[in-house]
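Here is a short report on a protein fold and one annotated site. Start with the sequence and the model.

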Amino acid sequence: MDRAHAASGHLPVMYTQVLAGLRVMGDGTYLDGTFGRGGHARGVLAQLGPKGKLLVMDKDPEAIAVAEREFGADARVAIYRGSFAELAQWSATAEGLDGVLFDLGVSSPQLDVAERGFSFGKDGPLDMRMDPESGESAAQWLARADEREIADVLWTYGEERQSRKIARTIVARRDAQPLLRTAQLAELIASVMPRGDSKIHPATRSFQAIRIFINRELADLEAGLDAAMARLKPGGRLAVISFHSLEDRIVKQFIARYSKAPPANRRMPVEQAFTPTLLAIDGAQKATDEETAANPRARSAVLRVAEKLGVAA
């Protein structure tokens, strides 16, 4: 880890593996679709020459402010506020990309700031929006959603076994006491399903599920992968860090769809021709023991890298 990262206190997850996976060329064009606090972006920029380009995106206005403050004066850098699902709509990507990085989930600064409402460990407004100026907050959604919708979200995105019981309790209590704070929601969930001997807080899965739903994270991921595929040049690399099994499954299936022939179908009289357009690189990669000891949030990280095949024009 370089001095800049140590000084900032921000530890970009799987930093070395990401830069190796992207295989940065000095005159290439690279897009970091989840700038966060710029950990990976700094690494890419350090390897670019004067003709190289770094495009950075983020939904979070605080992240964009950091990008503009630190990189705004660098002619090689372009900045866009928005979801990476929109990357193909950004004119800066039109000439093609040599690499795309998505570092999914919530960034450490977002978790650490109570006012963002992502963490049940820090009491704050029940918000959870990555872009706090857009869309519905978690508090607003929980105030209007019916019991079935809440239960479905908790089960689908958090695989929470007590989803129906939690949803029933939320609906029963919210009229008397609106859920406006993270501590309120965490305490309500804990009252429904006490922790017992588990080291994991009872609210972990529910908070994760609500956050994923509020921010349309899985839908954005699917759209972002399609957009990255459209904009990558032949030989360009896609690198995605996932922290959740649902995210990783989407990435794994996306790479497989373009890199492996579909299973044979005995009902088809003629075998369908398949030409791979992606090459999976090194399979699922995990953080090293050294990194997880220094940064526990890296324990659940999975990095997948793929290279776009084809002949350059």
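## The sheet

Two strands count as paired if DSSP finds at least two bridges between them. In this predicted model, β6 and strand β7 (residues 302-308) are joined by six bridges and run antiparallel. Within this pair, Gln285 stands opposite Leu303 of β7.

Both strands belong to an open sheet of seven, ordered β3-β2-β1-β4-β5-β7-β6. The pairing is mixed. β3 (77-81) and β6 (278-286) are the edge strands; each has a single partner, so one side of each lacks a neighbour in the sheet. On average, neighbouring strands are turned by 15 degrees against each other, direction ignored.

## Helices across the sheet

Helix α2 (residues 15-22) lies across β1 (29-32), β4 (97-103), β5 (232-242), β6 and β7. It runs at about 165 degrees to β5.

Helix α3 (residues 39-47) lies across β1, β2 (53-58), β3, β4 and β5. Its angle to β2 is about 170 degrees.

## The annotated site

An unreviewed UniProt entry carries the annotation "binding site" for Gly38, Gly39, His40, Asp58, Phe84, Asp103 and Gln110. Gly38 sits in the loop between β1 and α3. Its relative accessible area is 0%, so Gly38 is buried.

Beyond its neighbours within four places in sequence, His40 contacts residues including Tyr15, Val18, Leu19, Asp32, Leu101, Asp103 and Ile241. Val13 is also one of its contacts. The His40 side chain reaches the backbone oxygen of Val13 at 2.7 Å.

Terms used:
Residues are numbered from 1 along each chain as its sequence is written. This is a predicted model: local features need pLDDT of at least 70, side-chain atom pairs count only at pLDDT 80 or more; totals for chains, interfaces and linings use all residues. Side-chain values use heavy atoms; hydrogens and water are left out. Helices (H or I, at least four residues) and strands (E, at least two) are DSSP runs, numbered from the N terminus. Axes are lines fitted to C-alpha atoms, for helices over the stretch in contact, and angles run from 0 to 180 degrees between N-to-C directions. Contact means heavy atoms within 4.5 Å. UniProt positions are given in the numbering used here, feature names are shortened, and annotations may be inferred rather than shown by experiment. Buried means under 20% relative accessible area, exposed over 50%, partly exposed in between (1.4 Å probe, protein chains only). A polar contact is a pair of N or O atoms within 3.5 Å; within protein, one must be able to donate a hydrogen and the other to accept it, and residues adjacent in sequence count only if both atoms are side-chain atoms.
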